[in-house]
Amino acid sequence: MAGHRKRWLWLIPGVLVALVVLVLIFLNPIVTYATQRGLDRIAGASGTFKKLSVTLIHPGYNLYGLKIVEMPAKPKQEPLMYAERIEMRWSWREILHGHLVRRVKIWKARVQVPMRKGDESKPSQPPLEIAKTLESVPSAGLERLELVDSQIVLVDETHDDQRIWLHDLQLTLENMASRKQLMHGLPLLVTLRTKLQNTGALDTFLTMDPFDKGLTFAGSVELRHLALADLHQFTTIAGLKLPEGSIDVFASITCKRGVLTGGVKPILKNVKVTSADNGLGNKIKALLADVAVKIFSDRVPGRNAISTIVPIHGDLKKPDVQLVPTVLAVLRNAFVEGLSASLTNVPPPQGQGGILHQARQALSKDSKQPVEAKQKQ
Amino acid sequence: MRRTLPSLVGGLLLAAGCHAHQVQAKQNTMEAPPQQPQVSSARPVRTTPGGMLDPKAMHQIQSSLSRHGASAPSSGQLDDETQEALRKFQRNQHIAETGMPDYDTLRRLGLDPKSIYVGGAQRAARNTPSPKREDANAKDGDAGDGQGDRRQ
């Protein structure tokens, strides 16, 4: 009788080991199937990947060769996104405390963002209340999202596929959580270092308190040494060429409970303006611009810089304000009002469609006057 | 984009002239970003890492970097040399090379992000006289205004 009991006791660990082996055998195929199903559900796009692996001891998930292509596919179409490797990690300790905390690291991603004419028939979106939205989802946190050696290409499909290229991109986003206590008293932090076009070095630092009573964030952007020749695809269209010189831009912005303030400081160095063609009008324009540069530069040898500071001011507190278009509208207004009285068209009063659509509308010269974006004169 | 950008560049050339005399007077400070007042909230937000770190916190980061083989000057400021040392350390750790003291970098340096960032911001706020104290979120423990964003 006692020997019979002992045999049963041996069976328990045996069954557990068998279960673990079965899980290990079937886990990868099951997760592979679930991931592919998830990719198949993306609206208007199709996703594939080369390989996937799941680990249990340090709970994690590795996806290799992820490729997302817009559908219906066109010949020689570039993928919307490609990532050599995506690694996700969970923490058993946090899971046992009822929180899902995840770390995501992406290597060598290439993201293509097409900018197109939007669908004006889409209904207007309600204003985003970040704290309420976060608290409505299960307790989860993104401890760190990291992009390494990646690139983002903005393609303006409305203007001959003109491209803005961010490459050698290193980005971190840390401490994003759906509960205050998961933030450990620290703000959400975003840091970015990348190259813009061939020459510009772009650094960004952003901090945000998503649980403050209103929208509260602060950040800065620094663009250094962008050769004006890198902007040739834009500048030649105006009949002018900027074959020499560089531009630095420093911007800082703070938003305290919906009140946006800040400034943008562009600095042009060693600029030379020439005509893009032999037309008399363009030659005169180029001559005037070149003379203006010479007169107003600081005449420091080797630098010859001209600079200005453009103030930013906006109000994001009102209930009918759309966040994305208004922030972009305020930034654009600052440039427009500060730099050229002739450019006074600014983004639309109501954000329609998705974020990309709103962003494109906000940056479009053809859009209407905003209602809520205010400009410090 | 085609029409806006060149117009902005052209407008920039013209408008910059209005400020040229100011530029000449401020040649040495030209490459500093526009100054911004700081924001108080339960989790302090700042426009630059320099706005969240006081010299004491920066010294801690620099000495920790040096201990980890990424030699950094003991300047107490987030200067170019320190950012380069941070990048070197991040490269060695196989994490994103932003050159900024993000939370993960601080933890890998053996430092507590809360004492470095929040403590630094609070010390900076205490040491800097603030002309106007914004209404604080007292319930969550306000970090105060660190007026004058020190670009370092």
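Thr194(A) belongs to strand β8 of chain A, with strands here being DSSP runs of E (at least two residues) and helices runs of H or I (at least four), both numbered from the N terminus. This is a predicted model, in which local features need pLDDT of at least 70, side-chain atom pairs count only at pLDDT 80 or more, and totals for chains, interfaces and linings use all residues. Residues are numbered from 1 along each chain as its sequence is written, chains are lettered from A and ligands numbered from 1 in the order in which they are written, and side-chain values use heavy atoms, with hydrogens and water left out.

**Exercise 1. Work out the surroundings of Thr194(A).**

Step 1: is Thr194(A) buried or exposed? Thr194(A) has 3% relative accessibility, so it goes down as buried. The scale is simple: buried is under 20% relative accessible area, exposed is over 50%, and partly exposed is in between (1.4 Å probe, protein chains only).

Step 2: list its neighbours. Leaving out residues up to four places away in sequence, Thr194(A) touches Leu166(A), His167(A), Asp168(A) and Leu169(A), and also Gly200(A), Ala201(A) and Leu202(A). Touching is a contact, that is, heavy atoms within 4.5 Å.

Step 3: look for polar atoms. A polar atom of the Thr194(A) side chain is 2.8 Å from the backbone oxygen of His167(A).

**Exercise 2. Trace the strand pairing around β8(A).**

Step 1: take one partner. β7 (residues 162-177) of chain A runs antiparallel to β8(A), with seven bridges between them; strands pair if DSSP finds at least two bridges. Across this pairing, Val190(A) in β8(A) faces Leu173(A).

Step 2: take another. β8(A) and β9(A) are antiparallel too, joined by nine bridges. For Thr194(A), the bridge partner in β9(A) is Leu202(A).

Step 3: check the turn. Three residues separate the strands of the β8(A)-β9(A) hairpin, where Gln197(A) has a positive phi near 55°.

Step 4: Eight antiparallel bridges link β9(A) to β10 (residues 217-227) of chain A, and Ala201(A) has Arg224(A) of β10(A) opposite.

Step 5: why can β8(A) be called largely enclosed by the rest of the structure? Because seven of its nine residues are buried. β9 (residues 200-208) of chain A is largely enclosed as well, since seven of its nine residues are buried.

**Exercise 3. Check the length and cover of helix α5 (residues 80-92) of chain B.**

Step 1: compute the span. The rule is 1.5 Å times one less than the number of residues. With 13 residues, α5(B) should span 18 Å, and its end C-alpha atoms are 18 Å apart, so the two agree.

Step 2: pick out the buried side. The buried residues are Thr82(B), Gln83(B), Ala85(B), Leu86(B), Arg87(B), Phe89(B) and Gln90(B). Their cover includes α4 (55-67) and α6 (103-108) of chain B, along with β8 of chain A.

Step 3: contrast Arg91(B), also in this helix. Its relative accessibility is 41%, so Arg91(B) is partly exposed. Beyond four places in sequence, Arg91(B) touches Glu84(B) and Glu97(B).

Step 4: step past the end. Just after α5(B), His94(B) has a positive phi of about 60°.

Key. A polar contact is a pair of N or O atoms within 3.5 Å; within protein, one must be able to donate a hydrogen and the other to accept it, and residues adjacent in sequence count only if both atoms are side-chain atoms.
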